Amino acid sequence: VFELEYASDPQISPAGDDIVYRRNRMDVQTDRVRGDLWMVDANGSNHQPLVVGVDASSPRWSPDGSRLAYVARDDDSDGRQLMLLYGETARSVPVARLASAPGGIAWSPDGTQIAFTRFVAGTDTPMVSLPGPPAGAEWAAPAIVIERTHWRSDGSGYTKPGARQLFVVSAEGGTPRQLTEGEHDVSGTPAWTPDGLGLIVSSDRRENADLDPGDSELYRVDEATGTMTVLTSRVGPDANPDVSDSGAIAYTGTDDRRLGYQVTTLHVRDGETSRQLLRDLDRDVQNPTWVGDDLVIQYDDAGTTRLAVVAADGSLRQLASDV
């Protein structure tokens with residue numbers, strides 16, 4: 001197993017000429033998966049390493065293709081660095097040093113800012129306050145007192161107090177600005193509005209979210225003030241937003257009817273109204289992405305993964321299968 005390598009997270013340059021991806025390898029000394037960034041031409045030639053030796057991940061092209069943002073970890077701590085690689089010089093520079101790993105990296109349309117989400121630790125209030133041990137004493141470890149409903153997860157163990165919040169940072173570096181607060185996670189990848197003044201995110205911000213999960217809504221977060229405006233209100237999750245050049249928001253969701261399985265459907269919000277597309281497609285829609293006025297979607301059917309184009313008139317055209 002430690003000799004295996006595999007590719008993941010391919011990112012195509014805006015011009016379509018180059019592909020950067022993460023090349024994963026196993027570290028037998030630390031029992032961890034580590035990765036380097038490699039680049040290859042779209043025709044499969046000129047395969048070469050790009051960033052090595054820093055456990056690099058999450059490559060994301062700038063809108064003009066001149067820079068590449070990525071995440072680096074050069075030790076075994078939880079901290080990460082958000083880095084920028086400049087294409088003309090092939091030099092990497094740090095943009096921000098972060099206490100926890102960033103996710104959902106998204107460039108602003110003008111390439112001046114980078115949005116991301118990151119876990120921000122909170123604190124639990126102890127039931128009682130106990131005196132500390134005297135100097136030189138060896139006491140047993142304190143008890144773990146849990147008052148959260150979602151208190152443990154497979155693979156990661158006990159959940160820590162805190163939540164994943166939304167940040168933005170200048171592409172020239174500096175201190176990231178935290179736009180959201182509170183006890184509720186911002187999930188997925190934020191989507192910038194075309195004017196760069198706001199970001200569309202998915203979050204379940206109800207007080208009883210832990211007791212009744214699966215009812216997230218879409219929010220518009222003002223880039224300057226952090227003000228959140230709710231955009232959806234139905235019962236059921238709304239997630240995976242992507243914004244077109246004209247400002248239309250594509251997203252996936254489910255009308256929760258309290259069933260064991262429900263189909264994830266495709267929706268578009270244009271202005272103040274939302275409509276469902278592909279009502280006759282009884283397959284789970286994934287990863288809607290605008291390409292001009294059309295949408296590219298992914299879904300599984302009869303054991304194979306398919307890509308399809310949803311035209312402006314709502315018609316479906318198969319693009320690829322067996323992917």
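Me: Okay, which residues are linked in a network of salt bridges?

Reply: Asp204, Arg206, Asp212, Asp215, Asp256 and Arg258 are. Before we go on: this is a predicted model, so local features need pLDDT of at least 70, side-chain atom pairs count only at pLDDT 80 or more, and totals for chains, interfaces and linings use all residues. Residues are numbered from 1 along each chain as its sequence is written, and side-chain values use heavy atoms, with hydrogens and water left out.

Me: What makes the contact of Arg206 and Asp212 a salt bridge?

Reply: A salt bridge needs a side-chain nitrogen of Lys or Arg within 4 Å of a carboxyl oxygen of Asp or Glu. For Arg206 and Asp212, N to O is 3.4 Å, so the pair counts. In general, side chains of opposite charge can pair when their charged atoms come close.

Me: How many salt bridges does a search of the whole structure find?

Reply: It finds 20. Among them is the one between Arg283 and Asp282, at 3.0 Å from N to O.

Me: Asp301 forms a salt bridge with Arg306. Why is Asp301 called buried?

Reply: Buried means under 20% relative accessible area, exposed means over 50%, and partly exposed is in between (1.4 Å probe, protein chains only). Asp301 has 17%, so it's buried.

Me: Where does Val145 lie, and what makes it part of a nonpolar patch?

Reply: Val145 lies in the loop between β10 (113–121) and β11 (152–153). Patch residues need over 30% relative accessible area and no salt bridge, and nonpolar side chains (Val, Leu, Ile, Met, Phe, Trp, Tyr) are joined within 5 Å. Val145 has 43%, so it passes the area cut-off. Together with Met127, Val128 and Leu130 it makes a surface patch of about 450 Å².

Me: How do you know that β23 and β24 pair?

Reply: Two strands pair if DSSP finds at least two bridges between them, and a strand is a DSSP run (E) of at least two residues. β23 and β24 (residues 294–301) have 4 bridges, in the antiparallel sense, so they pair.

Definitions and conventions: Patch = residues over 30% accessible without salt bridge, like charges linked within 9 Å, V, L, I, M, F, W, Y side chains within 5 Å. Areas by Shrake-Rupley, 256 points an atom, 1.4 Å probe, with all protein chains shown as cover.
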